[in-house]
Amino acid sequence: STGTGFAIQTQREGFERLILTNAHVVWHHTQIRVRRPGSATKFPGRVVCVSMEVDLALIEVNDAEFWDKLPLLEFSSELPQLGECVDAVGYPTGGDGHSVTRGVVSRVCLNSYTVGGASLLTIQIDAAINPGNSGGPVFDSNKKVIGVARSVYTQGQNIGYIVAVPAVFLFLKYFQTHGTYRGISSLGITLQTLESAAFRKKLALPTTFSGGVRIRKVNRCGVLGAIGSKIPPEISFPSRSWHS
């Protein structure tokens, strides 16, 4: 497969300059070859960290010629606003040069990157993301990276998804601290929202109660498994109540 990547700086000793791309670009690789923009020379690369959960991977290139005057991109420290203009840059199929597509931020929400994976912050844009764009940077108006191009919803029009910067930072923090990705922790519980007034009445909740969630199940193998039977029927927090 082919995809796009971009150079970043990390704080892990010995891995100060790496290429960030999508995990699905390199997942079943037997070898990796990396090209600089505008060059036909292919440099051997090596995956040093990968996670399908956040769909990100880091590639190491040891040849100094590859890094010569190659700019390291910077991430934005803020989430983009709805309607904000963005540019998706990559190397989609249909040509050899880089491509730039412009659009706006359509939605910022929680979504799972993989089947059964954790819900992570996702940014939806209407800029075209085509095969080969995966792993490319998406810039805001200040030329800062707000995410990594990930996928497109083929059943609709102009619906593309990018890995948001907070998810990228989580991935990089694990790598910089441990040298690998350790996954996202979970309480091991199944929740049910209490939006239905009829359901709240069936549970004999106070009429003043207007939201929250109900703990339906505690995974015995999870971190709360040992105390699952001891969870009280109602756990109160400021401004919200949680019922089991």
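Which residues does Leu 56 touch, not counting residues up to four places away in sequence? Taking contact to mean heavy atoms within 4.5 Å, Leu 56 touches Leu 20, Thr 21, Asn 22, Ala 23, Cys 49, Val 50, Ser 51, Val 148, Val 163, Ala 167, Val 168 and Phe 171. This is a predicted model, in which local features need pLDDT of at least 70, side-chain atom pairs count only at pLDDT 80 or more, and totals for chains, interfaces and linings use all residues. Residues are numbered from 1 along each chain as its sequence is written, and side-chain values use heavy atoms, with hydrogens and water left out.

Leu 56 also belongs to the largest nonpolar core, which has 24 residues. A nonpolar core is a set of buried Ala, Val, Leu, Ile, Met, Phe, Trp, Tyr and Cys residues joined through side-chain atoms within 4.5 Å. Buried means under 20% relative accessible area, exposed over 50%, and partly exposed in between (1.4 Å probe, protein chains only). Leu 20, Leu 56, Leu 58, Phe 75, Val 168 and Phe 171 touch the most other members of this core. At least two residues each come from E1, E2, strand E4 (42-51), strand E5 (56-60), E10 and H3; helices (H or I, at least four residues) and strands (E, at least two) are DSSP runs, numbered from the N terminus. H3 gives the most, with six residues. Apart from this core lies another, of 14 residues, including Ile 59, Val 61, Phe 66 and Trp 67.

The next topic is aromatic rings. Rings of Phe, Tyr and Trp (its six-membered ring) pair if their centres lie within 6.5 Å; planes under 30 degrees apart count as stacked, over 60 as edge-to-face and the rest as tilted. The whole structure holds seven aromatic pairs. In one of them, the ring centres of Phe 15 and Phe 175 are 5.7 Å apart and the planes are at 80 degrees, so the pair is edge-to-face. Phe 15 lies in the loop between strand E1 (6-9) and strand E2 (17-21) and Phe 175 in helix H3 (residues 165-178), so the pair ties together parts that are 160 residues apart in sequence. Phe 175 is buried, at 1% relative accessibility.

Arg 12 lies over the face of Phe 175, at 5.8 Å from the ring centre. For a charge to sit over a ring, NZ of Lys or CZ of Arg must be within 6 Å of the ring centre and within 35 degrees of the ring normal.
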